[in-house]
Amino acid sequence: MFETGESSEEPKPARVLVDIPNESLPMLNEIIKLVTLRFQTLVGYVLQIVPKDILQSIIDSEPQSTIRIIECMDPHNAQFRRNRFASITKKWPTPECLKGVNWQKKMGIPLRDQESHDVCWAIVVSELIRAVRLIENPNQDPKIRYSPQDLIDFSDPVKRREKKEEKEKGKGDHFCYTSNLTNGFKYVMKHGIQLEDDRTFSGCAEEVPDRPSTRLTFIKDYVKLDTIQEALIHLEHRPIGAALALFHPEYKDIGGKASKFFFFSQIYHGPMNHKSTFCGLHAVSLVRVGEENGEKYVLARSSHGDKFGCEGGYIKISLEVMLAYIPIAGERINKYIEKYFGKPRYLLRRFSYPRLLTEEEEEIKRNMYQDKDK
């Protein structure tokens, strides 16, 4: 027996979850035939949250283990509170020629700390030039260091004089700017780079000292590499510059000590935290490959001092993780993330390295530049 009673609420129609047009029934019937009962729920859910074109690109990437769809709540962006990614594992063999290759010593010590400055690109360019010169010229002074400050101060004079917002309370205004390795190499080709002794690294003070035209080092050009596989082949002969997709807090926590609440990985995999935020690209130098617990990684030199990371300023970056951004139906597409991960991509990209002039060619270039500057 049912009890009835009067209610003050107006009756509401049931919420319609989906309307299935009659003409789509044959297609659904075919899908049902293809999908066993065991996987029908999974397939239905995947098709609901992953757009068809992105799902196809994930399948085309030939993943070799579980594809994990993750959702992060970005605490710093009110417009895009939720960001979804497909995390894909793709195993592939690293070149045999890299066994025993390690360029850490050639990169030198101490490691620089960019602190809150946007100058990673300048640090990497200056350190790669140093390393390549030491590799190709054994008589080069091993203590030599080139000035990233020279690149910061002069490679883009307009941006260098634009005041940015204070990043950290009490640390003052910033006059640094984002750039990339290509722009840095182009500058050194045309204008050379000063020695560290002549322009020490100071960040981005408002006042920029004049630049003398003596004691400059030039490069011939630079080589750009399209894929991580191609970059590793060239790693046999020299360290390689690259751009790393930066996610916080994963990047700053890499190599940290585990707690009873959270495990800090020794290998960087990109977004794993529920409050993970994509912060753009960060320039690094690749120095060697390795394997840990069956996972291949590349060791990269960063620019946040020797206390950072898992090997005194270095970071292990997975060579097996690919990410794809998944827009959320009914919500605004995050164009910034889509730009970098609209299709499955590895964590590293934009590979390059400098090529040197001969001693005679560099001397001619240096004299021409000094004559022009008179």
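1. Glu-115 is exposed, because its relative accessibility is 56%, above the 50% cut-off. Glu-115 sits in the loop between α4 and α5. Its phi is positive, near 55 degrees, and the residue is not glycine. Most residues other than glycine have a negative phi. Keep in mind that this is a predicted model.

2. Arg-350 has a positive phi near 55 degrees and is not glycine. Arg-350 belongs to strand β11, residues 348-355. Glu-62 follows α3, and its phi is positive too, near 55 degrees.

3. Now the peptide bonds. Most peptide bonds are trans. The bond joining Ile-109 and Pro-110 is cis, with omega about -5 degrees. Pro-110 lies in the loop between α4 (104-107) and α5 (120-136). Another cis bond joins His-248 and Pro-249, with omega about 15 degrees. Pro-249 lies in the loop between β4 (240-248) and α10 (250-253).

4. Which residues of helix α3 are buried? In this helix, residues 52-60, they are Ile-54, Leu-55, Ser-57 and Ile-58. Seen down the axis of α3, they fall within an arc of 160 degrees, so they line one face of the helix. These buried residues pack against α2 (40-49), β2 (82-89) and β9 (321-326). The face turned away from the buried side carries exposed residues: Lys-52, Asp-53, Ile-59 and Asp-60.

5. Next, the nonpolar cores. In soluble globular proteins, nonpolar side chains tend to be buried together. Here the largest nonpolar core has 61 residues, and Leu-286 and Leu-348 touch the most other members. Leaving aside neighbours within four places in sequence, the contacts of Leu-286 include Ile-228, Leu-235, Pro-239, Val-298, Leu-348 and Phe-351. A second, separate core has 30 residues, among them Val-125, Leu-151, Leu-195 and Leu-356.

6. Cys-176 is in no disulfide either; its nearest cysteine sulfur, that of Cys-204, is 3.6 Å away. The cut-off for a disulfide is 2.5 Å. Both Cys-120 and Cys-176 count as buried, because Cys-120 has 11% relative accessibility and Cys-176 has 2%. The cut-off for buried is under 20%.

Conventions: Residues numbered from 1 in each chain as written. Predicted model: local features only at pLDDT ≥ 70, side-chain atom pairs only at ≥ 80, totals over all residues. Heavy atoms only, no water. Buried < 20%, exposed > 50% of the residue type's maximum accessible area, 1.4 Å probe, protein only. Helix = DSSP H or I, 4+ residues; strand = E, 2+ residues; numbered from the N terminus. Arc of directions from axis to C-beta. Contact = heavy atoms within 4.5 Å. Core = buried A, V, L, I, M, F, W, Y, C linked by side-chain atoms within 4.5 Å.
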